Amino acid sequence: MNELNLTFFMLLGYAQAHWFIVSVFVVGAAILNYLAWVQKGAFFQTELLKLTLRSWTGVALFLFLTIPWMTGSSLALLSYWVDWMLLIVMALGYAFASLFWIYPTLRLYEALKPVDKK
Amino acid sequence: MIKMSHLSELSRRRFLLGSVAAATGLSLNAQSFAKQAEKSTPHIVIVGSGSAGISIANRLARALPKAKISMVDRKETHFYWPGLTLVATGAWHKSKVLADNGHYLPNNIHWIREMAIEFDPDNKQLITDTGRHVEYDFLVVATGVEYNYRAIEGLDTEAFGQKGLASVYHSPDVAALSWEAIKKFSEKGGDGYFTLPSTPIRCAGAPLKMAFLTLDRLKQNGGFDKANLNFYAATDRLFGLPWFHDFIETRFKENGMDVQYRQELTAVDVDAQIATFETSNGAKVTKSYDLLHVVPPMRAPASVRQSNLAWQEGNMAEGGWLAVDKSTLQHINYPEVFGCGDVNGTPRGKTAATVKMSVPIVVENLLAVISGNQPTADFNGYTSCPLLTQFGAAMLIEFDYQGDLVPTYPFIDPHKESWLAWVMKEQLLKPTYIQMLKGNV
């Protein structure tokens, strides 16, 4: 229980410390998804989902390579298996979160781009 | 870690109660004592608005809404002490370690913005620097430590940041000034000295972290090949646990650092940049320096040191540390008095991690005494040191009074340097610390 309690409040505290970024992300995702939802046609489209998956892969790879640097460290210092696990979880997790912006953005682009480019 | 077989033995009811306890920040015992004491209206005085004082205030205010709780401390600004190593080595701006005490104190607390200068436990009262007598039914002493820079002859604390003089301990301002001195040294090199006094000190890992991070800055800024580095400890080891002592000493020596033991910094000629060390047999050695990182001798604040609350005999008497039972953290002579944090005269641990683990113990035992019971919670001496070995890597070392390793996350090997431990130190510990202040962790 102790480690679960600590982990919960650690992450809660981290989210509270970055409340502005979290708020921008949540509000932005809500607006983008709402706008994408009210466009004509189905919300989920196969081609867009494929493109989103490719984007997610790119974002995850980018994060995997840059997160250590962004935290004041470097990939060269990752020598312990828990480091690699943490890096993979962080890269995949943040990339997953980015889907809430990427997919509706692609959906909006698809819906709003001029007819001659469709 | 909880084994699944053990988990399955827990009844659903107990598991749910445990969840509630975790959510309220009180153990089941503490909740039981709080319920017994909820109709009483004791006056509880907490002296010291550091991490221990504020955290206890929040927990008590929730547990005993009818109690009168007073906080005695003039300090309006809260220092996040664990972040000062990062300020003094240029990783953080000092604004990142400053906060407003009022922001974290519960609303229903009586905040006496004065300093306690005298304790009179026989009459259950203390006297503040304005002459006010504050009577109490129960007292929590959380005054922290006193930095005794005056014990080092010739040391002018106004000179930090100039002429190669640095100290991570004094304050966030001095930590920031120390970075100026360390930055210059890391570019130009020269003779660098890191000190460690013989007294118990707050965060015993900080002097080691300062040496490790300065080494890293030397390598980054080009001064490493021009530097002659020395670590002069007044103790006979660098770290309390043998394996880690060996690791640190080896790492220092691999980087060309000369490590000497039983050498106490006793005097500094600031203008001439000369430090005097005294060996255990009384011999004096003088060294000229380009960087001197000073770790001051520490002791309990005079108000505690000169009172009946201090140890009168034993190895904690000289520093005047608070005489508490190391398990219950209750005063050995005055059962209505408890101690928490750095002021405690206990064998190990003057860290924020110790505060985090001992605050619930103090609160539970205090509630027990208020409700007419005996203290039930035992503190195992938990302390933790995220030992920064370079920028980007650290070791997460957690241990108890016995020196046994007690990792919170058993899958993290304390003997390994890891990026995860660095992320915890640099990104996650401060948010966790704030949760601790609020009485959640």
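Is B:Glu146 buried, partly exposed or exposed, and what is its relative accessible area? B:Glu146 is partly exposed, at 23% relative accessible area; here buried means under 20%, exposed means over 50%, and partly exposed lies in between, using a 1.4 Å probe and protein chains only.

First, some housekeeping. This is a predicted model, where local features need pLDDT of at least 70 and side-chain atom pairs count only at pLDDT 80 or more, while totals for chains, interfaces and linings use all residues. Residues are numbered from 1 along each chain as its sequence is written, chains are lettered from A and ligands numbered from 1 in the order in which they are written, and side-chain values use heavy atoms, with hydrogens and water left out.

Start with chain A. Its secondary structure amounts to 4 helices and 0 strands, with helices (H or I, at least four residues) and strands (E, at least two) taken as DSSP runs numbered from the N terminus. Walk along the sequence and you read α-α-α-α. The radius of gyration of chain A is 18 Å, well over the 13 Å that the globule rule gives for 118 residues, so the chain is more spread out than a compact globule. That radius is taken over C-alpha atoms, and the rule is 2.2 Å times the number of residues to the power 0.38. Along the principal axes, the C-alpha atoms of chain A fill a box of roughly 55 × 30 × 25 Å.

How do burial and contacts look in this chain? Of the 118 residues in chain A, 32% are buried. Take the chain A contacts (heavy atoms within 4.5 Å) between residues at least 6 apart in sequence: 73% of them join residues at least 24 apart. The accessible surface of chain A is about 7,700 Å², and carbon and sulfur atoms account for 77% of that; the areas come from the Shrake-Rupley method with a 1.4 Å probe, and for residues only the protein chains shown count as cover.

Now for the charges. Side chains of opposite charge can pair when their charged atoms come close. Over all chains, the structure holds 14 salt bridges, each being a side-chain nitrogen of Lys or Arg within 4 Å of a carboxyl oxygen of Asp or Glu.

Back to B:Glu146, then. Its side chain meets that of B:Arg299 in a salt bridge, at 2.8 Å from N to O. This pair links distant parts of the chain: B:Glu146 is in strand β10 (residues 146–147) and B:Arg299 in strand β19 (residues 298–299) of chain B, 153 residues apart. B:Arg299 is partly exposed, with a relative accessible area of 24%. B:Glu146 also forms a salt bridge with B:Arg305, where the closest N and O atoms are 3.4 Å apart. Here the link runs from strand β10 to helix α10 (residues 302–305) of chain B, across 159 residues. Through shared partners, salt bridges join B:Glu146, B:Arg299 and B:Arg305 into one network.

Another pair to look at is B:Arg74 and B:Asp129, whose side chains meet in a salt bridge (2.7 Å, N to O). B:Arg74 sits in the loop between β2 (68–72) and β3 (77–79), and B:Asp129 in the loop between β7 (125–128) and β8 (133–135) of chain B, 55 residues apart. B:Arg74 is partly exposed at 35% relative accessible area, and B:Asp129 is partly exposed at 34%.
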